[in-house]
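Below is a briefing on one protein model. Look at the sequence and coordinates before reading the points.

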Amino acid sequence: MSEQAPNEARVIPLRPPVARPSATRPGTTRPASERPATAPPATAPPRAAPKEPLWRDLVGDVLRRERLAQERTLKDVADAARISMPYLSEVERGRKEASSEVLAAAAHALGLGLGDLLSLAQGELIRVTNRRVPGGSRGRTGSSHDGLCLAA
């Protein structure tokens, strides 16, 4: 079967191993054949485009903000929505991608409709993306929409 120890994982490398220079004791020198080639000058990595916010983070932020504005506890809202308190907490923190039924239940528990919740999340999306884009706007094309269109 296998010659592995019973509690050790077998590691299969996805990339070929990179040759690394062997360590030498201080004060010793390597022969020229073992010296690493001179590395090319380091260049600054290209600036990555800012990441778009995740919808689940935006919706979770809106749920938490609304709950705190009403000075309600997580338990109170979870009980009113008939969902578990740990799950609602995960939704608020953007750790879970909640279904539309769960979002509607949480919104109704806060006195909002699902459309209200999504509209508030859309506003948050616009606020967050405009803050990151220099100039505040992304060159609108004459559309009357704010950049989000939901279709049923």
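**Briefing: helices and their contacts**

Leaving aside residues up to four places away in sequence, Arg67 touches Arg72, Thr73, Leu74, Val77, Glu92 and Leu110. The model is predicted. The protein chain has five helices and zero strands.

**Overall chain**

- Read from the N terminus, the elements of the protein chain run α-α-α-α-α.
- The protein chain has 152 residues, and 23% of them are buried.
- Take the contacts between residues at least 6 apart in sequence: 60% of these join residues at least 24 apart.

- Arg67 sits in helix α1, which spans residues 55-69.
- Arg67 has 9% relative accessibility, so it counts as buried; the cut-off for buried is under 20%.
- The side chains of Arg67 and Glu92 are joined by a polar contact of 2.7 Å.
- Glu92 is also part of the contact between two helices: Arg56, Gly60, Asp61, Leu63, Arg64 and Arg67 of α1 meet Ser89, Val91 and Glu92 of α3.
- By class, this contact of α1 with α3 holds two nonpolar, two polar and five charged residues.
- Helix α3 covers residues 85-92, and its axis lies 7 Å from that of α1.
- The packing angle between α1 and α3 is about 115°.

**The α2 with α4 contact**

- Two packed helices are described by the angle between their axes and the distance between the axes.
- Helix α2 (residues 74-81) packs on helix α4 (residues 100-109) at an angle of about 120°. Their axes are 8 Å apart.
- The angle of about 120° is why α2 counts as oblique to α4.
- The crossing of α2 past α4 is right-handed.
- On the α2 side, the contact is made by Val77, Ala80 and Ala81. On the α4 side, Ala105, Ala106 and Ala109 take part.
- Which classes do the residues of the contact of α2 with α4 fall into? Six are nonpolar, with no polar and no charged residues.
- Val77 of α2 is also among the residues that Arg67 touches.

**Leu114 in α5**

- Leu114 belongs to helix α5.
- Is Leu114 buried or partly exposed? Its relative accessible area is 27%, so Leu114 is partly exposed.
- Leu114 and Ala104 are ten residues apart in sequence, yet their C-alpha atoms are 4.9 Å apart in space.
- Not counting residues up to four places away in sequence, Leu114 touches Ser100, Leu103, Ala104 and Ala107.

**Thr129 in α5**

- Thr129 lies in helix α5, which covers residues 114-132.
- With 9% relative accessibility, Thr129 counts as buried.
- What does the side chain of Thr129 reach at 2.8 Å? It is the backbone oxygen of Leu125.
- At 3.3 Å, the side chain of Thr129 also reaches the backbone oxygen of Ile126.

How values were computed. Residues numbered from 1 in each chain as written. Predicted model: local features only at pLDDT ≥ 70, side-chain atom pairs only at ≥ 80, totals over all residues. Heavy atoms only, no water. Helix = DSSP H or I, 4+ residues; strand = E, 2+ residues; numbered from the N terminus. Buried < 20%, exposed > 50% of the residue type's maximum accessible area, 1.4 Å probe, protein only. Polar contact = N/O pair within 3.5 Å; in protein donor to acceptor, adjacent residues only side chain to side chain. Contact = heavy atoms within 4.5 Å. Axes fitted to C-alpha atoms, helices over the stretch in contact; angles between N-to-C directions. Nonpolar A, V, L, I, M, F, W, Y, C, P; charged D, E, K, R; others polar. Parallel < 35°, antiparallel > 145°, perpendicular 65-115°, else oblique. Left-handed = near helix turned anticlockwise from the far one by under 90°.
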